[in-house]
Amino acid sequence: MLRIGRECYKLCRRRVCVDAEKMSVLVSDGNTVCAPSSVRGVSRACRTPHASPWRSRHRPQAPRHLQRLIQRSLASLPPLETRESQKTPVADVEHELLHFHPSCKAETRTSVSSNFTVLTNFITEAEEEVLKREVDPHLTRLKYEFDHWDDAIHGFREIERSRWTKQASLILARVCKSAFPDSGKKLPQTHVLDLAKSGVIKPHVDSVRFCGNIICGLCLLSDAVMRLRHVEQKDQVVDALLKRRSLYIMRDDARYNYTHEVLGEEESFFKGEPVVKERRVSIVSRNEPTEQSPAASTTHS
């Protein structure tokens, strides 16, 4: 929709008809102006200027005081398209970011849809830059490693942080508010994982000895594809598109009963389309183990 307030002067110099919610303004040859009721108090002399030889030799122009009245009247109108009407429903967004393989059962669709959430554009580019500046000086001192204590990650470097600048703390506070309910106490340490362009995270389930039923990750610098696979029913596979600056939240059934992995460059496809993978930094938060957590013996680390 045209920003009528800014463009009113231009409209008044042209033969333009603006129709906005039963309000019409017609400027034609500078001789006739049909204004809304709030403008109709202007005298007829102002609304129908006298013709003159000078006016016929120059471009038509409505009186300035009338332009101001029209501008104020149009500015008071509500926008024709509200912001809500332009938003995509949350359910549709989540459905677009999850791909259930053909073998998936209805129970898998219901369980994963309920327990795995991706919030796109969770942070802005400026906020991403704030976090990058915060962690890069610590990460770049380290070399990428290609072995892990449980062989779950290749091509990575990692740190843990509990202290953040004020700007970064405000961003991470929003993460906690979105991911952890009041009853879920977040671990004080935040895990920062830097995955090289060629790096991969192999299928695993985070140990219940170290974290509870919720894991969330803020994705920086690159898109990626995360694959969930049921621990026992290997044909139940779901792919999640983790876009840059998105936040994923994995809880309960999706956290305990599905392995998760980040696909490497050669396998990085989502719904048949390639997903370009670059260096990716994820800021991972977890909550403390609870009494309701399943026994460690039933969970793959």
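**Salt bridges across the chain**

Let's start with a network: Lys 132, Asp 136, Arg 157, Asp 194 and Arg 279 are linked by salt bridges. A salt bridge here is a side-chain nitrogen of Lys or Arg within 4 Å of a carboxyl oxygen of Asp or Glu.

Some ground rules. This is a predicted model, where local features need pLDDT of at least 70, side-chain atom pairs count only at pLDDT 80 or more, and totals for chains, interfaces and linings use all residues. Residues are numbered from 1 along each chain as its sequence is written, and side-chain values use heavy atoms, with hydrogens and water left out.

How many salt bridges does the structure hold? Twelve.

Take Arg 279 and Asp 136. Their closest N and O atoms are 2.8 Å apart. Arg 279 sits in the loop between strands S14 (273-274) and S15 (280-286), and Asp 136 in helix H8 (residues 125-139), so the bridge ties together parts 143 residues apart in sequence. Helices (H or I, at least four residues) and strands (E, at least two) are DSSP runs, numbered from the N terminus.

Is Asp 136 buried or exposed? Buried, at 13% relative accessible area. The cut-offs: buried is under 20%, exposed over 50%, partly exposed in between, with a 1.4 Å probe and protein chains only.

Now Lys 197, in strand S7 (residues 190-204). Lys 197 is partly exposed, at 36%. Another joins Lys 197 to Glu 278, at 3.5 Å. Glu 278 lies in the loop between S14 and S15, so this pair ties together parts 81 residues apart in sequence.
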